[in-house]
Amino acid sequence: MVNEGKETYALVSPDGMMAATRAELEKQSGLKLPASLEDFVFAGHAQKLASHRISFKRDLASLSLLQPIARTFKIICLSFNYSDQASWVRFGKSPPKDPVV
């Protein structure tokens, strides 16, 4: 999420209507948060914020959605969509319970 070109991410309220930007989260929690979403997520900052009472004051519609993870090298997608399940039964097998990688 970005607001006025200054913010790189925001947390959304449980009802999905309001948000708190990185700067607002820092002010409310007293924590120094990283500028990038990747660093925020992968360094466990969400858990650190869980112990703070966050006030969501910004309307979500006022923010713009951006690419969530900018520095990615590989994206792996798995699916449980076995369109031809009848073929599994035909061969006396059942579809896998977990994705086959």
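Modeller: A residue is called buried when its relative accessible area is under 20%, exposed when it is over 50%, and partly exposed in between (1.4 Å probe, protein chains only). This is a predicted model, in which local features need pLDDT of at least 70 and side-chain atom pairs count only at pLDDT 80 or more, while totals for chains, interfaces and linings use all residues. Residues are numbered from 1 along each chain as its sequence is written, and side-chain values use heavy atoms, with hydrogens and water left out.

Colleague: Why is R58 called partly exposed?

Modeller: The relative accessible area of R58 is 22%, and because this value falls between the limits of 20% and 50%, the middle class applies.

Colleague: How do you know whether E26 and K32 are buried or exposed?

Modeller: E26 has 18% relative accessibility and so counts as buried, whereas K32, with a relative accessible area of 68%, is exposed.

Colleague: What makes E26 and K32 a salt bridge?

Modeller: The term asks for a side-chain nitrogen of Lys or Arg within 4 Å of a carboxyl oxygen of Asp or Glu, and the N to O distance for E26 and K32 is 3.8 Å, so the pair qualifies. Salt bridges that share partners join R22, E26 and K32 into one network.

Colleague: How do you know that R22 and E26 belong together?

Modeller: Their closest N and O atoms are 3.5 Å apart, and the pair therefore meets the rule for a salt bridge. Both residues lie in helix α1 (residues 22-29), four residues apart, which is about one turn of the helix; helices (H or I, at least four residues) and strands (E, at least two) are DSSP runs, numbered from the N terminus.

Colleague: What makes E24 and R58 a tie between separate parts?

Modeller: E24 forms a salt bridge with R58, with the closest N and O atoms 2.6 Å apart. Since E24 lies in helix α1 and R58 in strand β3 (residues 58-59), the pair ties together parts that are 34 residues apart in sequence.

Colleague: Why is the aromatic pair of Y9 and F40 called tilted?

Modeller: Rings of Phe, Tyr and Trp (its six-membered ring) pair if their centres lie within 6.5 Å, and planes under 30 degrees apart count as stacked, over 60 as edge-to-face and the rest as tilted. By this rule the count is one aromatic pair. For Y9 and F40 the centres are 4.9 Å apart and the planes 35° apart, so the pair counts as tilted. Y9 lies in the segment before β1 (10-12) and F40 in helix α2 (residues 37-42), so the pair ties together parts that are 31 residues apart in sequence.
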